[in-house]
Amino acid sequence: MLGDAALGAGGGYDRAAAAGSEAEGAARRRGQGQRPKEAAPTRGGPAARMSNAREKKRAKKMRNQPSSVTLSSDYGPCHSGIQHHNGGSRSFQTPKQDLYPESSQGYQQQRHPYQSPGPSYRNEQYFSKGQNRSEKERGRGGWRGGRQNVSQEMPKYITASTFAQARAAEISAMLKAVKQKSSNSLVFQTLPRHMRRRAMSHNIKRLPRRLREIAKKEAEKAVHQKKEHSKSKCRKARRRHVNLVVEFNRRQKKNIWLETHIWHAKRFHMVKKWGYCLGERPTTKSYRACYRAMTKHCLLQDLSYYCCLELNGKEEDLLKVLASMCNIDTGPTFAAVPCLSGRIQGSLVLYHANRYPEDALGPITFIWKPKDECYVTSKMRQLWIWTHPSLKQDILTELKSVFQCTEPVETCSPEPVVTFCQEKKQPDVAMSVGRKRKREDDGEKAVPLKKIIGDGTRVPLQPYCWTSQTTGVVISDLTMEILRYRLIGPLTHCVLTEALKTASVQTEMADAETELNNWWVENCKDSEKVSLHQRQEAIFELLQGISSPSEIPAGTILGLTVGDPRVNLPKKRSKALPNPEKYQDNENIRQLLLEGVPVECAHSFIWDQTICKNVTENKIPEQDLNRMRGELLVPGSQLDLGPRESKIPILLVQQPGKVAGEDRPGWGSGWDICLPKGWGMAFWIPFIYQGARVGGLQESLKHSEYKRTPHIPNDYPDCPAGVQFQEDLESILLEKFKRRPPAKRANYVKLGTLAPFLCPWGQLTRDWEVRNKAQEESVLASSPDRMSCAIESQVPCDPNPGLIIEDSQGDRVTCSQGDMMEERTTIQNLCTEHEDATSNGFFVVRSRKLLRQLSAWCRPTCGKGQRVRPASKLGQKEMTEEALLPIFKCYRRALVWVSLSLLRKGSPELHAMICVPTQEDFLQLDKDQLFCGPQEPKHRDMFKHKILKLKERKKKKNNGKALESGASHALEAKAVEEHKELILGLWPDPLPDVTSHCSRILLGFVTQGDFSLAAGCGEALGFVNLTGLLHMLSSQPADKKGLVLLRTPASLQYRFARLNIEV
């Protein structure tokens, strides 16, 4: 039976024997060294081309299939010339008659006994030289593997164990190939497109039965790879309010969210600063619209990120300690009478204790709680200090140090926030595949959700209250406990009076079971407090008859209790406009503008933290209000809650706007409103519905720029927060500079810009100190007696016993000899105090007296179309050498805040250089009134060659071109180490002398600069060195006083600008 199978159909043993004898003859010829006969050329045709196409198609299909597993064995002498492989696929193939006899001529190569046969069409060694591949593998019935021109005798017997082992290996390889996926597609993606269904991705029962087990395994594998999610993953469950609150609290662990964060995130570009997530600028084009709102209507800003520190203690203890942290030279302090009474908000700059004028901490605003009439004799006072978040930690640390507060009184202990129905164990994901997700309700076992209002107010496990063991002063951190909004613009009064309505008097509880408005009911039973509330209400209504907040005394405080502003919400947004009937020139408005708000009307219940907590916890939810609106008989009518309406204590603080300078007085004035936490959106939306436009951090910066006041923390270089801001800004700008290719960025070395991304204030003051010392030595060499005389007194000697001068308001004041002696003593004490202070670092001049003097000296005393205004007429001393030398002695490393206005076209930029013009520049300006300014000659880049050399060395090192000797290699490594910090286009550290690096002497830098919409020209704000400013003013002609040159970092063009010091 085996023999019949070996013969095959249509063939016989004779042909096989003939083929075998021919193969033996070929082998004998190879052994004797004879060359085989050349194969005759084949007859090509369509059949050959067709066979070739089939071969390529099969080769493409079989390229990823495993090769056959073979076991070699020899079966006796009759098969000595042929290797029989039981595992081979050709052992049982019967060669058929060749259709083309001439194609079968050629010699055969003997296969290695241990070589895996594989598909015959892959092995070119089986083909005779010059033969076509398709002709060798072509058969009568189509494609056939193996050598067709060789006839092999089939074995008469096989070894069963060997044959089964070979087949088992092939079967296992086939099963492995079937199970192993050749792509990353899922099971349902392997189906034909007409059988696919969308539900297959999450419901395996939609798949055919044969693929369900594989789909289950894929689902289990995917679940293990992904993070564990909550049970409810669908969007409907994620958008539930309770889950949103938990998710929002998780997302604000690193950066605190304000209560208006969600509203801002939909409309603003958000940035993460100072531990908060704040809105920087609107997504819409509203740059000019925000300016128009500040100028003509109302701009709204959320300042709740400002930090509030509360101090409780005896008044004398508070004033005694706080006096060491400020100085009366800078303006009103904590002990100022209007501020101490509680009717005016004060502002000042804090310093480290007894370190004035150095070691500044930063600017703050403060409010004293007014004394209650029933507690007039009490010595305990309450003080709020508002500060920027970047300054909070330094100020809080210094306060705890000076008050000796070491032990924390209260610590924030966070309560766990539990989501709905936490399962004890997660269900099997494989078993739950294909099921519909449902939210299970355990009824009474479900843990109630804790709704967090103002989460992130305090860091968990961190103290927020400290007490002093010596004085008993208690310091509390009320950050985010009191919200603060700012409204800027002339129509702020209209927005306030339309959005807020004063609370009605209530003497009965709405519900005995709740604590809603219980504090208000108790206070309404006191007739004096009711009378005070009515007086506050009358003053609040008078605000609508005042055209602008700038008409009210600066810093006025008004306490008030208002109703729920959500009740008065209009149907649609409109712009609040003034009512002409309210603008009556009556006596009450005139008295309010002259005298301000009385002290007793500055009282507010917001000072009581117990009342604030009650108001926050008993707020009516928005959902309940909407349900009540839906139950109204007349849809859209006014909702009247009656005694159930919430009563909210607030505090209104007037912001004066622009107070320095002669142009645009009162611009940017407005009101700040302080609220208890939890009521942010309840007040925010009504203000917007009355037409207030919302601004972000960019609008705050522009507001400060147009007021020409320093912005926090950008313009406080002598504070730790200002130093940190400069470092962060430098890293951002430098990274942005490096991202651009060298051919597309400015070469600041050639432009003569030493520090394009940073203002080197320390080096600027040191270089000017060196220049001043050199000039002092020359003065001492010429007239030593004159110098000593000038140091003893700042004012020139005058034989007259008294002088009549005018102060800044134009009043005539008589200065006696005793006043002048007192002034000399004060200046000598200042000089002694500053001798050691200025040796450590620079500081900013904030002495109002000195700033007034400098402001008078910066003004031109004569000129075309100008009235002659000498400094003596302005109540200030003339600029003489005797007046300047004491300032040089006392303020060696000092900076002065200045404002600059360009005379011609141009827009100043950040870090622009303020330089001193030369006499040639003034002559050119006199000749040509359209002369913009000189140009800086282009500098030579001395570092470009070194950088190119460094690049070549790196390239050689990467290519493996080592130096010949070890000494030269060490020198190369040293050179690379020296120049590794070089950046093409930037000066490396340390910088040379910054004052004399360019053709014009450097005076200072610009910290804010842009085209001013308020002035209609380019304006800039910055700092200049005091010594350099005095040297410049003393050498300038009378009609050119205060003229300087501005040059942006990426330009060679200087432009003339007018320098002013506004006090």
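Helices and strands are, in this talk, runs assigned by DSSP: a helix has at least four residues and a strand at least two, and each kind is numbered from the N terminus. With those terms, the protein chain in this predicted model has 32 helices and 29 strands.

Good morning. I shall begin with the chain as a whole and then turn to some of its parts.

The protein chain has 1063 residues, of which 45% count as buried. Its exposed surface comes to about 58,200 Å², and carbon and sulfur atoms supply 52% of that area. Consider next the contacts between residues at least 6 apart in sequence: 77% of these join residues at least 24 apart.

In which order do its three strands lie? The order is β5-β7-β6, in an open sheet with mixed pairing. The strands β5, residues 256-257, and β6, residues 268-273, stand at the edges with a single partner strand each, so one side of each has no neighbour in the sheet.

β5 and β7 run parallel and are joined by two bridges, while β6 and β7, the latter being residues 276-282, are antiparallel and share six bridges.

F268, for its part, stands opposite P282 in β7. Between β6 and β7 there is a hairpin with two residues between the strands, and in it W274 takes a positive phi near 55°.

How many of the seven residues of β7 are buried? Five of them are, so β7 is largely enclosed by the rest of the structure. Helix α22, residues 697-707, packs on the sheet and touches β6 and β7. The direction of α22 makes about 70° with that of β7.

Several residues of α13 are buried, among them P389, L391, I395, L399 and V402. After the helix comes Q404, which has a positive phi near 60°.

My final topic is the aromatic rings. Two rings are paired here if their centres lie within 6.5 Å, and planes over 60 degrees apart count as edge-to-face. By this rule there are 26 aromatic pairs. One of them is formed by W384 and W386, with 6.4 Å from centre to centre and 85° between the planes, an edge-to-face arrangement. W384 and W386 are both buried.

Another pair is W761 with F1023: the ring centres are 5.6 Å apart and the planes stand at 80°, so this pair is edge-to-face. What does this pair tie together? W761 lies in helix α24, residues 761-782, and F1023 in strand β27, residues 1017-1025, so the pair ties together parts that are 262 residues apart in sequence. W761 counts as buried because its relative accessibility is 4%, and the cut-off for buried is under 20%. F1023 is buried too, with a relative accessible area of 1%.

Lastly, ring pairs link W263, F268, Y485 and W684 into a cluster. This returns us to the sheet, where F268 stands opposite P282 in β7. Thank you for your attention.

Technical notes
Residues are numbered from 1 along each chain as its sequence is written. This is a predicted model: local features need pLDDT of at least 70, side-chain atom pairs count only at pLDDT 80 or more; totals for chains, interfaces and linings use all residues. Side-chain values use heavy atoms; hydrogens and water are left out. Two strands pair if DSSP finds at least two bridges between them. Contact means heavy atoms within 4.5 Å. Axes are lines fitted to C-alpha atoms, for helices over the stretch in contact, and angles run from 0 to 180 degrees between N-to-C directions. Buried means under 20% relative accessible area, exposed over 50%, partly exposed in between (1.4 Å probe, protein chains only). Accessible areas come from the Shrake-Rupley method with a 1.4 Å probe; for residues, only the protein chains shown count as cover. Rings of Phe, Tyr and Trp (its six-membered ring) pair if their centres lie within 6.5 Å; planes under 30 degrees apart count as stacked, over 60 as edge-to-face and the rest as tilted.
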